[in-house]
Amino acid sequence: MIRFVLNLLWLVLGGGIVLALGYFVAAVICFVLIITIPFGVASLRLASYSLWPFGRTLVAKPGAGVPSGLANVLWVLLAGWWLALTHLLAGIALCVTIIGIPFGIANFKLVPAAFWPLGREVVEAP
């Protein structure tokens, strides 16, 4: 029940809708530019994760190999570093207030996802 309440507050106050919309727009752009479709899929995964982060976590896919690692290097150079930096700065700003600490932690959870998204999947946390 606490996760549900935190997720609802995240949507309204923590910027979850804005983050998910941003990742969704990035996914649409990646799908239009056909060669970047794998990045679009990763961006949709991040949109889903940023929309409802409490109670879920990212784990490495067992079948991900060298191609996803190489694509992640390209992702870091093009988009990952500024996305991770944005989540880091937003997390620091949210942790300044006591009420914002859970939302800051959620932003910190999104940093590795934004930095290295390919070869990972979102699963329910225990």
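Helices here are DSSP runs of H or I, at least four residues, numbered from the N terminus. Keep in mind that this is a predicted model, with local features needing pLDDT of at least 70 and side-chain atom pairs counting only at pLDDT 80 or more, while totals for chains, interfaces and linings use all residues. Residues are numbered from 1 along each chain as its sequence is written, and side-chain values use heavy atoms, leaving out hydrogens and water.

Back to helix 4, residues 66-95. Its end C-alpha atoms span only 36 Å, whereas a straight helix of 30 residues would span 44 Å at 1.5 Å a residue; that expected span is 1.5 Å times one less than the number of residues.

What do the buried residues of helix 4 pack against? They pack against helix 2 (16-32), helix 3 (37-51) and helix 5 (101-115). Buried means under 20% relative accessible area, exposed over 50%, partly exposed in between, with a 1.4 Å probe and protein chains only. V76 itself is on the buried list, and so are W75, N72 and H87, among others.

Over in helix 1 (residues 2-12) we have N7. N7 counts as buried because its relative accessible area is 1%. Leaving aside residues up to four places away in sequence, N7 touches W52, P53 and F54, contact being heavy atoms within 4.5 Å.

Last, cysteines. C30 is buried at 14% relative accessibility, and C95 is partly exposed at 26%. The whole structure has zero disulfides, meaning pairs of cysteine sulfur atoms within 2.5 Å.

Notes
Helix = DSSP H or I, 4+ residues; strand = E, 2+ residues; numbered from the N terminus.
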